[in-house]
Amino acid sequence: MRIVTGADEVLEVRRALDDPRRLVLALGLAKGATRQRGGMVIKCPEPNHRDSTPSCSVRLGRDGTIACRCHGCGWSGDALTLVAVALGLDMDRDFRDVLEEAAAIAGVRLEPRADGQRVEGRARPAPRRPAPEPEPEPEPMPDATFASIVAPLLYAGRLDGSPLVADVERYLEARGLIEEARADGWTGLPEPGALVAWVDMLRAVAEPAEGYAPPFTQADLEGSGLLAPGGRTLSHPAARVVIPWRTAAGTVATIQRRRLDAGVPKYVFPSGRAPSAPYGVDRLAELGPDAPVAFVEGAVDVLALRILYRRNGVARVVLGIPGLGGWRPAWAELARGRDAIVAFDGDKAGEDAVEGVARDLFDAGALRVRRAAPVGAKDWAEALAS
Ligand SMILES: [Zn+2]
C-alpha cells in the first residue's frame, strides 16, 4: 500500500481503480450485471432510474480510468461518482467520505484527515440505502411517576404480620434484619399465584373514574419495567422481598427484589431501572455533614452494617452499591469532605474492586479512605448473624 497525500489523492484513487468488475463487486452492484469488453453493464445505480435490465456501462476509458454511462437515462460519471451513488453519498457534501471509501476499495492509503475523523479499515461498502433512523431512546420515567406506581405494592406488602408476606418476614427475621428493614420501608410480595391479583389492583388504580384522577396511567404501568411479558403479572414473580431504593430526597426511584428460594437471578431491578444513587443515600444527611461514610455491597449489607455500627455506638452513614459492577465514580462525590470506608466483602472480587473505588473517593475529595472487611464472615449480614 502506498501513502498518497494532498492534491494527488483524487487522481491517485481514480487511477488505482482500474478494474471495473472489482469495483462493481465491491459496491454490491453486480446483481444482474453482464460482462462487456473492458468492463461490465450493470443495472443503473441512479436511484430515479429504477432500472430493471442492465443498461449502465462501467468500463475503462481511454485515459485508463473508469467511466460510467447509462444508455437508459443518460447518467454518467467516473469511479468516484459510482462509489458515491452506490453508497448514497453526495459528491459535494460528502466528497471526503466518497474518496475514503474509494481509496479503501482501491487499496490506496490516504493521508489521515486533519480533523482526525478518518475511519480506518472501512473495506466493506455501506448499505446502498441509508439505514432507517434508530428508534429514539425512550425518556426514562420520572422517579415520582415510578414511585406512584409502586406505592400500592409497598402498602399492600408491608411487613405487619400479614399472612401473605409471612415468609418474607421470617426470612428477614432469621437474618436479624426485620426491624431495620421495616424502618426502611422494605415490604414483601405474595406468592406468584396471588401476585396476579396485585397487578390487577395496579391496573384498577390506573383507571380514571368520575372525580378520580389516577396517579399514573396504564401506559406508565406498561413502561415501568415491572411487568412480565403479557402484562398479567410482574417479571420474576418469585422475587418476593421488596427493597425500595430512594433518591437523596427520599423518592422511591426503583425497587430491588430478592428471591427467597435458591433460584436465580437472586436479585432483580425493573428492566431499564438500575438505581441512580446508592442504597441509603436518603439518610446521608441524618448524622450530620462530618459523619464518615461506609460503602458496602448491596442493600442487605447496608442494614447489617448499620446495625453493627449502632451496636458499637459508632455514628457512620452506610451506603450500598448494587453489586461491584454497579459502582459509579460519580457516587464518590457523596464522600466529599468526609472520611470514607470501603467496606466491600472480603472475597477476591471485593478486594479487587477496592483500589479503584478508593481512588475515586480520594479524587472526589474524601478526607481519608480506609478499608474495612468483615472478619470471619463473607459479608456484613453474615457477620451480624454470627
Ligand atoms: Zn440510468
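User: Which residues in α5 meet which residues in α8?

Analyst: This is a predicted model, in which local features need pLDDT of at least 70 and side-chain atom pairs count only at pLDDT 80 or more, while totals for chains, interfaces and linings use all residues. Residues are numbered from 1 along each chain as its sequence is written, and side-chain values use heavy atoms, with hydrogens and water left out. Contact means heavy atoms within 4.5 Å; helices (H or I, at least four residues) and strands (E, at least two) are DSSP runs, numbered from the N terminus. Here Ile149, Pro152, Leu153 and Ala156 in α5 meet Trp198, Met201, Leu202 and Val205 in α8.

User: At what angle do the axes of α5 and α8 cross?

Analyst: Axes are lines fitted to C-alpha atoms, for helices over the stretch in contact, and angles run from 0 to 180 degrees between N-to-C directions. The axes of α5 (residues 143-156) and α8 (residues 192-205) come within 10 Å and cross at roughly 135 degrees. That makes α5 oblique to α8, given that angles under 35 degrees count as roughly parallel, over 145 as roughly antiparallel, 65 to 115 as roughly perpendicular and the rest as oblique.

User: How are α3 and α4 placed relative to each other?

Analyst: The axes of α3 (residues 79-87) and α4 (residues 95-106) come within 9 Å and cross at roughly 105 degrees. The two helices α3 and α4 are therefore roughly perpendicular to each other. Leu80, Val83, Ala84 and Leu87 of α3 make the contact with Phe95, Val98, Leu99, Glu101 and Ala102 of α4.

User: Which residues coordinate the zinc ion, and what is the arrangement of its donor atoms?

Analyst: Donors are N, O and S atoms within 2.8 Å of the metal (3.2 Å for Na, K and Ca); water is not among the atoms, so sites may look incomplete. The zinc ion is coordinated at 1.9 to 2.3 Å by Cys44 (SG), His49 (ND1), Cys70 (SG) and Cys73 (SG). Four donors count as tetrahedral if all angles lie between 85 and 135 degrees. The arrangement here is tetrahedral because the four donor atoms subtend angles of 104 to 116 degrees. Along the sequence, the donor residues are spaced C-x4-H-x20-C-x2-C.

User: Is Cys44 buried or exposed?

Analyst: Buried means under 20% relative accessible area, exposed over 50%, and partly exposed in between (1.4 Å probe, protein chains only). Cys44, at 8% relative accessibility, counts as buried.

User: Which backbone feature should be noted at Arg50 and at His236?

Analyst: Most residues other than glycine have a negative phi, and most peptide bonds are trans. Arg50 has a positive phi of about 50 degrees although it is not a glycine; Arg50 is found in the loop between β3 (39-42) and β4 (56-60) and is exposed, with a relative accessible area of 73%. His236 also has a positive phi of about 50 degrees. His236 is found in the loop between α9 (218-222) and β9 (239-246) and counts as partly exposed at 38% relative accessibility.

User: Is the peptide bond from Val264 to Pro265 cis or trans?

Analyst: The bond from Val264 to Pro265 is cis, with omega near -5 degrees. Pro265 has its place in the loop between β10 (252-259) and β11 (267-268).

User: What does Gln256 touch?

Analyst: Leaving aside residues up to four places away in sequence, Gln256 touches Val241, Val242, Ile243, Trp245, Tyr267, Val268, Phe269 and Ala299. Gln256 lies in strand β10 and counts as buried at 7% relative accessibility.

Definitions and conventions:
Tetrahedral: all angles 85-135°; square planar, octahedral: opposite > 155°, others 65-115°.
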